[in-house]
Amino acid sequence: MRPDDLFAEDRQRRVALGLQRSLRPVDGPQDARVIVDGCAVLSLCSNNYLGLANHPALIEAAVEAAREYGIGAGASRLISGSMRLHHDLEDRLAAFKGAEASLLFTSGYHANLGVISSLVGDGDAVFSDALNHASLIDGCRLSGAAVHVYAHADVDALERRLRVVPARRRLIVTDSVFSMDGDAAPLADICDLAERYDAMLMVDEAHATGVLGRRGAGLVEALGLEPRITVQMGTLGKALGAFGAYVAGSRALIEFLVNRARTFIFTTALPPPVVAAAAAALRIVEREPERRAAVRRNALRLREGLLGIGYDVPGDADCHILPVLVGDAEATMALSAALLAAGVFAHGIRPPTVPDGTARIRATVMATHTDADIDAAVEAFAACARRARPARRPALQR
Ligand SMILES: Cc1ncc(COP(=O)(O)O)c(C=O)c1O
């Protein structure tokens with residue numbers, strides 16, 4: 001088959017299923033309002049939860065680092081790219097996460113692929129929540145271990161699998177806050193199971209870092225589970241407003257990953273301005289708990305408003321990620337387009353990102369949204385309500 005025929009055939013199939021995706025340019029900085037198609041619209045689809053991506057302290061830190069260290073790290077960490085800035089941020093992240101040590105990765109995707117494929121392999125078993133992020137799913141697949149998907153957040157289902165699956169090494173992987181569903185994993189129960197069945201446990205705090213916990217370190221901190229988790233992973237590109245990711249755990253784990261994780265070893269180190277910006281963000285997270293409180297307040301206000309006008313919004317009551325369920329992929333994209341025309345940028349999420357029949361608007365709030373912003377968003381959803389088809393509950397497996 002000629003490549004162009006292959007692409008055309010695939011496109012036709014995507015379009016027929018309402019799954020065609022395309023890129024939309026956004027102008028200006030990532031803020032509560034962004035410029036789309038030349039118009040300022042309210043952003044309800046950024047992971048910049050604390051509003052730090054455009055914060056003057058991060059910009060200043062990045063500019064200073066660029067002046068002092070340059071733009072690029074120039075090499076991988078194991079060659080000449082391991083700059084003092086990387087080591088300092090790793091020390092601070094370890095203390096932040098209540099761990100002995102931490103390691104930076106180029107992105108959360110790299111971290112999840114590298115960690116899972118280092119910890120388990122052929123002959124081992126990995127147990128993965130059905131609604132885990134794609135990067136965890138891909139890490140499981142890449143590892144070569146037998147993958148056992150358990151029903152979402154279902155500890156009984158997980159235990160049934162752990163009881164009958166023998167393996168040399170066993171690893172449980174879960175999001176802490178689920179990125180498309182806005183609910184939290186039952187982490188304390190999962191820790192109990194990991195200990196009872198002698199399994200390692202990896203928790204992805206991409207959407208909890210900076211937002212949950214007394215100091216903003218995540219759900220693991222909120223529940224006081226730090227010493228019971230083998231691998232705490234999180235990202236620097238969401239609430240921390242920068243880019244990259246970290247893995248925190250024991251010194252032995254970090255030494256193991258430095259030597260084993262191919263997505264750490266074979267890639268250029270994070271650029272100095274990005275590392276400096278992430279360090280500045282960490283200082284703000286620690287010093288300004290009011291940002292976390294604002295995120296929670298806005299989440300509660302938006303959820304209450306959407307429920308009040310009849311939308312189906314599952315997930316945890318105060319979670320900053322609100323899945324507004326529509327069900328049908330095309331109807332979801334029609335709702336997203338209608339919202340944009342009404343001045344609200346809220347992305348539709350379709351399969352394969354979410355299971356078939358559970359397409360949704362994934363609405364996220366930021367600390368920098370005002371009450372008036374949230375109320376305007378609810379009004380826009382109300383005006384567009386007639387376009388949405390009845391919602392369906394998410395299926396548990398994908
Ligand atoms: C739960 C989760 N893990 C990992 C990632 C990947 O992180 P990154 O964007 O830094 O690659 C994301 C989002 O992108 C995510 O939502």
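Colleague: Where does aspartate 37 sit?
Modeller: Aspartate 37 is in the loop between S2 and S3. Keep in mind that this is a predicted model.

Colleague: What is phi there?
Modeller: Phi of aspartate 37 is near 50°, which is a positive value in a residue other than glycine.

Colleague: And is aspartate 37 buried or exposed?
Modeller: Exposed, because its relative accessibility is 56% and the cut-off for exposed is over 50%.

Colleague: What do S2 and S3 form, and how many residues lie between them?
Modeller: They form a hairpin with two residues between the strands, and aspartate 37 is in the turn.

Colleague: Which residues are in the two strands, and is the pairing parallel or antiparallel?
Modeller: S2 covers residues 33-36 and S3 covers residues 39-43; the pairing is antiparallel, over four bridges.

Colleague: Which residue in S3 is the bridge partner of valine 36?
Modeller: Cysteine 39 is the partner of valine 36.

Colleague: How do S3 and S12 pair, parallel or antiparallel?
Modeller: Parallel, over two bridges. Leucine 42 has valine 344 in S12 as its bridge partner.

Colleague: Other topic. Where is alanine 153, the other residue I flagged?
Modeller: Alanine 153 is in the loop between strand S6 (146-150) and helix H7 (155-164). Its phi is near 60°, again positive in a residue other than glycine.

Colleague: Why does alanine 153 count as partly exposed?
Modeller: Its relative accessibility is 27%, and partly exposed lies between the cut-offs of 20% for buried and 50% for exposed.

Colleague: Which residues does the cis peptide bond join?
Modeller: Proline 351 and proline 352, with omega at about 10°. Proline 352 lies in the loop between strand S13 (348-349) and strand S14 (359-364).

Colleague: Now histidine 86. Which helix is it in?
Modeller: Histidine 86 is in helix H4, which runs over residues 84-96.

Colleague: Buried or exposed?
Modeller: Histidine 86 is buried, because its relative accessibility is 1% and buried means under 20%.

Colleague: What does histidine 86 touch?
Modeller: Leaving out residues up to four places away in sequence, histidine 86 touches Ala73, Arg77, Gly81, Leu104, Ala269, Leu270 and Val275.

Colleague: Zooming out, how many helices and strands are there?
Modeller: The protein chain has 15 helices and 14 strands.

Colleague: What is the radius of gyration, and what would a compact globule have?
Modeller: The protein chain has 21 Å; a compact globule with 398 residues would have a radius of gyration near 21 Å, so the value agrees. The C-alpha trace spans about 55 × 55 × 55 Å along its principal axes.

Colleague: What share of the residues is buried?
Modeller: Of the 398 residues, 55% count as buried. The accessible surface comes to about 17400 Å², and 52% of that belongs to carbon and sulfur atoms.

Colleague: And the contacts, what part comes from residues 24 or more positions apart?
Modeller: Such pairs account for 71% of the contacts with a separation of 6 or more.

Colleague: Last one: how many positive and negative charges are there?
Modeller: There are 44 positive and 47 negative charges, and their mean positions are 2 Å apart.

Note on methods
Residues are numbered from 1 along each chain as its sequence is written. This is a predicted model: local features need pLDDT of at least 70, side-chain atom pairs count only at pLDDT 80 or more; totals for chains, interfaces and linings use all residues. Side-chain values use heavy atoms; hydrogens and water are left out. The radius of gyration is taken over C-alpha atoms; the globule rule is 2.2 Å times the number of residues to the power 0.38. Buried means under 20% relative accessible area, exposed over 50%, partly exposed in between (1.4 Å probe, protein chains only). Contact means heavy atoms within 4.5 Å. Accessible areas come from the Shrake-Rupley method with a 1.4 Å probe; for residues, only the protein chains shown count as cover. Lys and Arg count as positive and Asp and Glu as negative; His and the chain ends are not counted. The place of a charge is taken as NZ of Lys, CZ of Arg, CG of Asp or CD of Glu. Two strands pair if DSSP finds at least two bridges between them.
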